[in-house]
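Biologist: Please show me the structure, and then let me ask how its terms are applied.

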Amino acid sequence: FGTSSILFGGKLKLSTEIAFSEFDTNPTNEFGEEADKAYRVTVDGMQDVATLLASPVMVKLGAEYSYVGFSFRSPANPGIQPDREGYSLKKDTLWKIATLSVGFSTFNDNTDRLVLLPRTRTHTWNTGLTLAPPDLPSLTLNYSFGDQRSYYEPEDFGAKRLVERDRLEHM
């Protein structure tokens with residue numbers, strides 16, 4: 001289910017989506033169905049901010065927040081990554097044949113904060129320059145940097161084995 005609204009004379013667009021899933025991966029066990037949800041909210045806007053050499057300079061801004069639950073599955077989109085929550089921001093500056101893009105996103109997994117799973121946080125920074133002269137091939141240069149860190153690792157049982165081994169050696 002989704003909605004889309006255009007506001008302020010077409011300068012701002014708001015889109016929402018929500019989906020629910022309910023499935024049983026193993027109907028022979030006693031656990032039954034698993035239900036979950038996914039949703040996304042996107043806001044995009046465009047505005048002329050200046051004129052440079054008799055051509056307008058436009059800025060496009062966008063933001064998106066999304067959540068996909070741990071048990072969410074979709075036959076319509078089987079490649080969707082479950083167990084993910086985060087947001088992304090993007091800014092494009094357009095002038096004549098050039099577009100300069102800058103973006104940032106941050107996502108977390110382990111949305112249910114399960115104790116047996118770590119929580120991984122991913123940050124990504126992007127920038128790009130596109131030159132698209134009329135009647136010629138366009139040229140795009142991109143740079144992307146990502147950082148992924150894991151938090152709340154489950155306890156390692158290795159130390160426990162060492163204690164048991166030491167106790168056995170002393171007997």
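The questions below set values against definitions.

Modeller: This is a predicted model, in which local features need pLDDT of at least 70 and side-chain atom pairs count only at pLDDT 80 or more, while totals for chains, interfaces and linings use all residues. Residues are numbered from 1 along each chain as its sequence is written, and side-chain values use heavy atoms, with hydrogens and water left out.

Biologist: What is the mean pLDDT of the protein?

Modeller: The mean is 83, and 87% of the residues reach 70 or more; pLDDT is the predictor's confidence in each residue, from 0 to 100.

Biologist: Why does Thr106 count as buried?

Modeller: Buried means under 20% relative accessible area (1.4 Å probe, protein chains only). Thr106 has 8% relative accessibility, so Thr106 counts as buried. Thr106 lies in strand E6, residues 98-109, strands being DSSP runs (E, at least two residues) numbered from the N terminus.

Biologist: Which residues is Thr106 in contact with, leaving aside its neighbours within four places in sequence?

Modeller: They are Glu85, Gly86, Tyr87, Arg121, Thr122 and His123.

Biologist: What joins the side chains of Thr106 and His123?

Modeller: A polar contact of 2.9 Å joins them. The term requires a pair of N or O atoms within 3.5 Å; within protein, one must be able to donate a hydrogen and the other to accept it, and residues adjacent in sequence count only if both atoms are side-chain atoms.

Note on methods: Helices (H or I, at least four residues) and strands (E, at least two) are DSSP runs, numbered from the N terminus. Buried means under 20% relative accessible area, exposed over 50%, partly exposed in between (1.4 Å probe, protein chains only). Contact means heavy atoms within 4.5 Å.
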